[in-house]
Each structure stands twice: as C-alpha cells, then as structure tokens.
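Dear colleague,

I am handing over the structure below, and I would be glad if you could read it alongside the notes that follow. They begin with the ligand sites and then turn to the individual chains.

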Amino acid sequence: MSKVTSAKRVPAEQITIEGLTGDAAIAHALKQCDLDVLAAYPITPQTIIVEDFQKFVANGEVDTRVIPVESEHSAMSACIGASAVGGRVGTATASAGLALMWEILYCAASMRMPIVLNVANRALSAPINIHNDWSDSYGARDSGFIQIYTQSCQEAYDTTIMAFKLAEDHDVLLPAMVCIDGFILSHNVERVEMLPTEAVHDFLGTREPVLPLNPDDPITMGPLALTDYYFEFKEQQDEAMKNVPKAFKKVEEEFEKMTGRSYGMYEEYKTEDAEIIILTHSTTGGTAKAVADTLREKGEKVGVLRLRMFRPFPTEEIREILAGAKAVAVFEKCRSFGAASNPLALEVRTALYDLDERPMVADFVVGLGGRDVPPTTIVDGIRKTEEYLEKGEAPLYETLGVRK
Amino acid sequence: MATKLKDMLETDEILSSGHRMCAGCAAPVIVRLMGQALRGPTIVCEATGCLEVATTIYPYTAWKIPWIHVAFENASAVASGAFEAIEVMREKGRYKDEHVDVVAIGGDGGTFDIGFGSLSGALERDHDFVYMVYDNGAYQNTGIQRSGGTFPGQETTTSWAGSELPGKTQRKKPITEIVAAHKIPYAATVSPYYWRDFIKKFRKALEVDGPAFIHAISPCPRGWRSESSKSIELSKLAVETGMHPLYEIVNGEEYNLSTPSKRLKELKPIEEYMKPQGQFKHLFTDRWEDFREQIQEWVNEDWELLKKKCTEE
Ligand SMILES: Cc1ncc(C[n+]2csc(CCOP(=O)(O)OP(=O)(O)O)c2C)c(N)n1
Ligand code: SF4
C-alpha cells in the first residue's frame, strides 16, 4: 500500500515558474524529492541533470550524498547498495551508459529496489551519435523497470516526482525509468511550474523500506536461487509489475489534487471517431498532435494515442481505444534488427491480435540518431497508411526520412 | 580503543556451519576470522564467486549478519552506496545504529580483474569500508580459470600446462601495492594460519578512517588439487616460501613486514609450497625445471624488494 497523503491544492502564489530545459527540470524535481543518495556519471544529453544537482549540493541546497562513481555500471550498483539499506535513491543516464548498466538493471528490478532512473534517450553506437532515438531504453524494456516516456519539461518534472511514490509503493517496489528525448527535450527551454519543496516532501513522505539491510534483523539479499526457486522469484516480480497501473492511478490522483495536472498511462487525442490513430510517444507525440489538428481541419479523421507508459504496457486500454479505428500508424525511433517489426509495433500488434476485427497496423521507423521528425514525416506515414488501407495490406515495417 | 584478542575470540560466529563450500576450503575460515575482528554492526557486500554462491543457496543462508550480493564486478560500488546511504540517513535521524561497518568481499577474479574498476573508484572516493579479497589464485567458481592473481606456473583450465606452456606464464598482479598506491590509510596481507596477525590486522582495517584493504591467501583444495586437510598448512607455507609474504602498508607509503614474515631467517624454497599441489605438478618435470627456477628468482627478487621497502626494524 502506498501511504495516502493529504495532498491539497498548492496555491498559485506558491508556484515558481521558470524557463527550464528538460534536464534542468528533472534536476529540480530530484532536488525536491529529498533523495538520500544520487549516483552521478556524465553522458550527453543527460549530463546537465547530474551537474545541476551537484551545484545544489555545493550550495547546501539538498540533503543528499552524491556518489561521483567511476562508471554507470557502478552508478546502478551504488544505487542498489543505497536502496538496500533503505535510502531514497536516483541516478540518470543515456545510451552507452544505460547499456553499461544493463546487467545491474536486472538486479535492481529483481531485488525490488525502488530506484528512479532518468534517461535522456539517445542513440547507441556505432557510429557514435549523441542525438535522440529510443534504442537505449527499448533495449532495457525487459529488465523489469517501469518505463514512462514524457513529452514536455513540465511532464518530465512532474513524472520524476511521481515516479518515486510509484516505485516506493509497497505493492510495487520496482525501479522506474523516466525518459525524455535527448536534446529535443533535454536541452530545450520550456515554461515549468515548480511546486514548493514542502509540498513535494508532503506528497512523497519518507521512504518506508520493507526489508532493508539492518544489523538488528539480519537478512541475506541477492542470494543464489536455482531451478527450485528462481521461477517463483520471477513470478513475484511479474505480480509487482501487474500492480503498477492501480498504484499509478492513485499516485496521479494525489498529484492532481495538488497541481491540477495528471497525465495517465497514455494520452488520447481526438481518437474518438478517428479512422487512423497515430501511436507514438515522447516529443513525437507533440508533433503528432499538431499533425492531427491540421488534418482534422481538412476533415480527415485522425487522432493520436500518445503512450506514456511502455512498461507495463497498458494492453487492455490500448486495445479498446484502437479497436474502433481502421488503422494504427505507429511511429517509433528504434529498429529491432531481425525482428518481424519493431518494439512498439510488436507490442501493439500483440495487443490487437485477439480482436475479431482488428485495425491495420503500419509501423514506421523514424528519427534514428536524431534525424528530424517534422510534421511532414508524420503526414507521409499517414498517406502511406491510407494507401495500405486501400490495398488491404501493410508491410510489417518501413523506415521514413532516410536516404535510400 | 584497545581491544583484547581474547575478547575478540569470544564474539559470535558470523557464518554458520552447513554452508556448502568444499571440505577444506579456506574461505569460510577466513570469513570466521574476519567475524572475530568485527567491532559492531556490520554489513557485508559480496561479489559473485564460490563464497557467495555456496553460502546463500536460497532458501538457506549461512550468514548471520546482513549480507548483500549484486554482481561479480561491483561489490565495492554496492558498498559505496550502502556506506553513503547509512551516513546520510543517520544525519536525517532515520538510521538507528550509531556506526555500521561496511565490508566488501571478493575473490581474486572479482578483485584483481573484473571488479578492479569499482574497487579503485571506491578507494579514490575515500569511502570508509574494508575490502577483503580471499585469493584462491583462480576463478574457482567457474571451474579453475586463470586470474590476475594466478601465480606463474599455476595450471588452470585457461592456462594449461603442456609441452609448450608451463601453466600461467605471467607474473601475479601486485594487488596490495596497487591498492595501497591509492594512498589509502591501510592495506595488509594475511594468512589464515597466522590467525592472530589476521584478526589484529582486520580490526586495524576497520578502525582506520577511510578505506582499507585486506589480502588473504585462501587455499582451495579443488582448484589447487591439494589434500583438503592441508589448506591451513599451505597458507603457512605460502608465507614461509615468500609466495604470500605478510606485511602492511600504511598511508600508501609506510611498509611494515609482519612478525611471521619478519621472523623468517630465509625463505623456504617454493618447491615446499608447490609440491603438495597438483596444479604445479608439471613444474617438477624436466621440461619445466627452468621455469620453476625462473619463478624462484621472481619470488626472491620480490622478497628482497619488499624487505627494502619495509623500513621498520
Ligand atoms: C559479468 C560476469 N562475468 C562472468 C561471470 C561468471 N563468474 C561467476 S563467479 C566467477 C569467478 C569468480 O572467481 P573469483 O572472484 O576468483 O572467486 P572464486 O570463485 O574463486 O571464489 C565468474 C567468472 C559472472 N557472474 N558475471
Ligand atoms: S572450489 Fe575452491 S574456493 Fe571454491 S568452495 Fe571449493 S575449495 Fe573453496
């Protein structure tokens, strides 16, 4: 159970409004979450988060110990050590850093450590590229982390705060990844409304660890479990993941009382009578909504389903929303080499498979390595989807915006 | 705080019987000796390896004190996290114990090789923890593969002895000196045979302010192909032959030879250490006689160098 706090609407005069980049917004959120420990290691485009946080430390603005680790592998390891003794813990990374953490992501999830990891989504090498796509966090989609993708600096700020409450919920106790698009959001200045720190403290309370490493009550954590028990551990982890939607709803309700803002596991935009629904997330969701507005003006029935939560995947809800459409145009910034299609479309197709009447799914891989995804690319995809509807068949996936 | 050895010996054991280490393995002995040096609440962060695997087979555990394992290469980083979190939670009034010692343990593989980056990082950050390596000279848990801690001439399953190769050809990484070069307050080598020396050094390691390092030789009957009854004898011979001399390094500079090593008039020949171990068998054939002599030269060289560094009389 998560502790129900008595969240009250924060009066307007107590809200601080600033122009912040996505990274800075997250650093401010982390500052207000009263972390015990933050592990810091630089990687573009996340670095500003840990830099800004260190500045807060240098100025005595936070009660947090920063561990300037020697690698991301150690960053996640230190987070686990700190979380194991009962601390509230966070770190941030991207791309190669997330890849280096990979082994330890699984440990964090399976050891049920409610760590919050901010990811500024960035392409993976080679060739080296510092710009945005989702290959990094999609690669970690089966690690057992909750994954939430955000569209604006405000949303990144709000979601980071909520992520701690969600992760620390006793029905959940799973680590959470809060993702922003590298550069597009991480380095883009937007208007951000910030809560007074006390309100965030009241909202989160202090972490109540369930079974910490404690000399008074010694336990063994992270043991060896073979064929006779391992599977049961995984089953419990799965149960925890299934508890996320309910806990998340509760967390958001509380947050909404305080701020008037909530986001849901996904955002539905003009989907009600839509014939073609664009399904995507992060900043591409914003572009897609602008495209939908324009096409609606021309009388085209286009809507957008902007996903926020990718793990757990809101299968049931998405199935219901998509069921009425003629086609779903998936836009995703990741290629799963050798797979039938790509991570997001694979998920959507699976969700729809059991329906008697399924909308057609068209999968467009866009924006790899930061290639711009302007509204015209989305429109291209919609036009292609219309063609496929006419033909009655769509390819499993195709790339848009690449020189061929 | 002066502590009597007698009092330390009366403390509760931290490892129960019924763990599943091999018969004659020195690692559990080392852990028990460490346990007797503990001064209060302690948390152990352990790297993957024999000791971890064999003492915590779920749903059982042999550990009577809080213990955590995360992975092979990160015991020091986990310790860093635990240490910092405890400190800050105490400051915030959320941690009851006035002081908790954090100890990290790893095998030679998890220390000399894959875990070295995380160890070096934690030392550089000056985290107040004790790192202990139980050095059985190879990756034993995965079936006797060479490590940076493997002696020259040792046969392992990735450094076979044959007609062309005499087992491992390279020298052993001087881990204690490398670690001490971080200018940490205390580093020392120990052997379970010299248990007084062991316990006293471990306590000293706990008491210094900042990181400390303990390097324990840990005979492994399975990998060394030695009699399980000979482990403690071998940990004595390792010292007497100069394969594992006992010394301390204070603040990265001051070298002190420890009594058991200091008392040696001269080193015993390495043969005495090698003969009882199947892993060195090939060195006693004509083919590898020369290499054995080479190893003896290396050991002599290192010993002379060490004595020179040990300024104290
Ligand atoms: C990243 C990673 N690589 C490899 C392994 C496999 N592995 C587990 S224990 C081990 C060897 C441990 O050797 P050492 O640290 O010397 O301890 P010992 O088993 O000898 O006690 C290896 C290679 C692993 N667990 N993780
Ligand atoms: S293989 Fe060696 S180190 Fe491992 S438990 Fe057996 S004797 Fe000990």
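**Ligand sites**

Ligand 1 is surrounded by 18 residues, the closest of which are B:Gly109, B:Gly110, B:Tyr134, B:Gln140 and B:Asn141. Please bear in mind throughout that this is a predicted model. The residues around ligand 1 come from chains A and B, so the site is shared between the two chains. By residue type, the shell around ligand 1 divides into 6 nonpolar, 9 polar and 3 charged residues, and the element that gives the most to it is helix H5 (residues 108–113) of chain B, with 3 residues.

A polar side-chain atom of B:Tyr134 lies 2.6 Å from an oxygen atom of the ligand, an N or O atom in the side chain of B:Asn136 is 3.0 Å from an oxygen atom of ligand 1, and a backbone N or O atom of B:Cys50 lies 3.0 Å from a ligand oxygen atom. On its own, ligand 1 has 580 Å² of accessible area, and the protein covers 78% of it.

Ligand 2 is surrounded by B:Met21, B:Cys22, B:Cys25, B:Cys50, B:Asn136, B:Cys220, B:Pro221 and B:Arg222, a shell that divides into 6 nonpolar residues, 1 polar and 1 charged. You will notice B:Cys50 and B:Asn136 in that list; B:Cys50 makes a backbone contact with ligand 1, and B:Asn136 makes a side-chain contact with ligand 1.

**Chain B away from the ligands**

B:Ala47 lies in the loop between strand E1 (42–46) and helix H3 (50–55) of chain B, and with a relative accessible area of 1% this residue is buried. Leaving aside residues up to four places away in sequence, B:Ala47 touches B:Glu52, B:His69, B:Ala71, B:Phe72, B:Ala75, B:Ile105 and B:Gly106. The C-alpha atoms of B:Ala47 and B:Thr111 are separated by 8.6 Å, although the two residues are 64 residues apart along the chain.

Elsewhere in chain B, B:Lys183 has a positive phi of about 60 degrees although it is not a glycine, and its place is in the loop between helix H7 (175–180) and strand E5 (186–190).

The domain assignment of chain A gives domain 1 (12–259) and domain 2 (268–399). Taken over C-alpha atoms, the centres of these two domains are separated by 28 Å, and 28 residues of domain 1 are in contact with 25 residues of domain 2.

How many of the residues of helix H1 (residues 22–32) of chain A are buried? The count is 11 of the 11, so helix H1 is largely enclosed by the rest of the structure. Among these buried residues are A:Asp23, A:His28 and A:Lys31. The helix is followed by A:Asp34, whose phi is positive, near 50 degrees.

A:Thr284, found in helix H10 (residues 283–297) of chain A, is buried with a relative accessible area of 3%. Not counting residues up to four places away in sequence, A:Thr284 touches A:Trp134, A:Asp181, A:Lys333, A:Val373 and A:Ile378.

A:Arg335 lies in the loop between strand E14 (327–332) and helix H12 (343–352) of chain A, and its relative accessible area of 14% makes it buried. The side chain of A:Arg335 reaches the backbone oxygen of A:Ser341 at 3.3 Å, while the C-alpha atoms of A:Arg335 and A:Leu368, 33 residues apart along the chain, are separated by 8.3 Å.

**Backbone geometry worth a look**

Most residues other than glycine have a negative phi, and most peptide bonds are trans. In chain A, the peptide bond from A:Ser125 to A:Ala126 is cis, with omega near -10 degrees, and A:Ala126 lies in the loop between strand E5 (116–121) and helix H5 (135–139). The peptide bond from A:Arg311 to A:Pro312 is also cis, with omega near -5 degrees, and A:Pro312 lies in the loop between strand E13 (309–311) and helix H11 (315–323). Finally, A:Ser282, in the loop between strand E11 (276–281) and H10 of chain A, has a positive phi near 60 degrees and counts as buried at 0% relative accessibility.

With best regards

Notes:
Residues numbered from 1 in each chain as written. Chains lettered and ligands numbered in written order. Predicted model: local features only at pLDDT ≥ 70, side-chain atom pairs only at ≥ 80, totals over all residues. Heavy atoms only, no water. Near = heavy atom within 4 Å. Polar contact = N/O pair within 3.5 Å; in protein donor to acceptor, adjacent residues only side chain to side chain. Areas by Shrake-Rupley, 256 points an atom, 1.4 Å probe, with all protein chains shown as cover. Helix = DSSP H or I, 4+ residues; strand = E, 2+ residues; numbered from the N terminus. Nonpolar A, V, L, I, M, F, W, Y, C, P; charged D, E, K, R; others polar. Buried < 20%, exposed > 50% of the residue type's maximum accessible area, 1.4 Å probe, protein only. Domains from an automatic or database assignment. Contact = heavy atoms within 4.5 Å.
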